[in-house]
Amino acid sequence: IIFMQKNKNLINQIKVVTNNFQVGNFTDAISKSKKILHKIPNNEFLLNIIGLSYLNLGKLDDAKNLYLKIIKQNPKIASFKNNYANVLKGLGKLDEAEKILNDLIKSDPNYINAINNLANIKKNLKDFNKAINLFNKALNIEPKNITVLYNLALCHRSLRNYYQVLKYAET
């Protein structure tokens, strides 16, 4: 019974962390995640929450250092590498970010987050045709992915393809 109560307590604490993250209270998400990690070290979910919170707070060096550490400990977890690529993008290291994302896509051609993030880099570099092709590739895998649809609409807006913007906005 004590074990079940402790588990229930941990689950409730993780729910609080998740809620803090979702509402943009990243500082609390970090501090509460760190406290829980003392009880369940190397929890992938909490480590990602911390890294993404650093990223959202603009603490890119903290995010970079965290992801480098956890990738070293967990080299097979794609989400860590994907989020690390986002940190590198934020630091302006687009070539490094692209390489990581391309490697992730090579190992899993259906990894939508990596495809979307690579497309966003291409969009930022104003390589709109490549970005559109990548966004469409992601939509072929998951046609109703709202993030990809939104990013594709933004890409078409940059090209002043307003008909396409409306098409993806309505989807």
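At what angle do the axes of helix α3 and α5 cross? In this predicted model, they cross at roughly 5 degrees and come within 11 Å. That angle is under 35 degrees, so α3 runs roughly parallel to α5.

**Helices α3 and α5**

- Helix α3 spans residues 44–57, and helix α5 spans residues 78–90.
- On the α3 side, the residues that meet α5 are Glu44, Leu47, Asn48, Leu52 and Leu55.
- On the α5 side, they are Ser79, Phe80, Asn83, Asn86 and Val87.
- By class, the contact of α3 with α5 has 5 nonpolar, 4 polar and 1 charged residues.

**Aromatic pairs**

- The whole structure holds 2 aromatic pairs.
- Phe21 and Phe26 have ring centres 5.4 Å apart and planes at 70 degrees, so this pair is edge-to-face.
- Both Phe21 and Phe26 are buried.
- Tyr67 and Phe80 have ring centres 6.5 Å apart and planes at 50 degrees, so this pair is tilted.
- Tyr67 sits in helix α4 (residues 60–73) and Phe80 in helix α5, so the pair ties together parts that are 13 residues apart in sequence.

- Tyr67 is buried, at a relative accessible area of 0%.
- Phe80 is buried too, with a relative accessible area of 0%.
- Beyond its neighbours within four places in sequence, Tyr67 contacts Asn48, Gly51, Leu52, Phe80, Asn83, Tyr84 and Val87.
- Among these contacts of Tyr67, Asn48 and Leu52 belong to the α3 residues that meet α5.
- Phe80, Asn83 and Val87 are also contacts of Tyr67, and they belong to the α5 residues that meet α3.
- The largest nonpolar core has 48 residues.
- Tyr67, Phe80, Leu101 and Phe135 have the most contacts inside that core.
- Helix α8 (residues 128–141) gives the largest share of this core, 7 residues.
- In soluble globular proteins, nonpolar side chains tend to be buried together.

**Ser33**

- Ser33 lies in helix α2, which covers residues 26–37.
- Is Ser33 buried or exposed? Ser33 is buried, with a relative accessible area of 0%.
- Leaving out residues up to four places away in sequence, Ser33 touches Val17, Leu46, Ile49 and Ile50.
- Ser33 and Leu46 are 13 residues apart in sequence, with their C-alpha atoms 5.7 Å apart in space.

Definitions and conventions
Residues numbered from 1 in each chain as written. Predicted model: local features only at pLDDT ≥ 70, side-chain atom pairs only at ≥ 80, totals over all residues. Heavy atoms only, no water. Phe/Tyr/Trp six-rings, centres within 6.5 Å; stacked < 30°, edge-to-face > 60°. Buried < 20%, exposed > 50% of the residue type's maximum accessible area, 1.4 Å probe, protein only. Helix = DSSP H or I, 4+ residues; strand = E, 2+ residues; numbered from the N terminus. Core = buried A, V, L, I, M, F, W, Y, C linked by side-chain atoms within 4.5 Å. Contact = heavy atoms within 4.5 Å. Axes fitted to C-alpha atoms, helices over the stretch in contact; angles between N-to-C directions. Parallel < 35°, antiparallel > 145°, perpendicular 65-115°, else oblique. Nonpolar A, V, L, I, M, F, W, Y, C, P; charged D, E, K, R; others polar.
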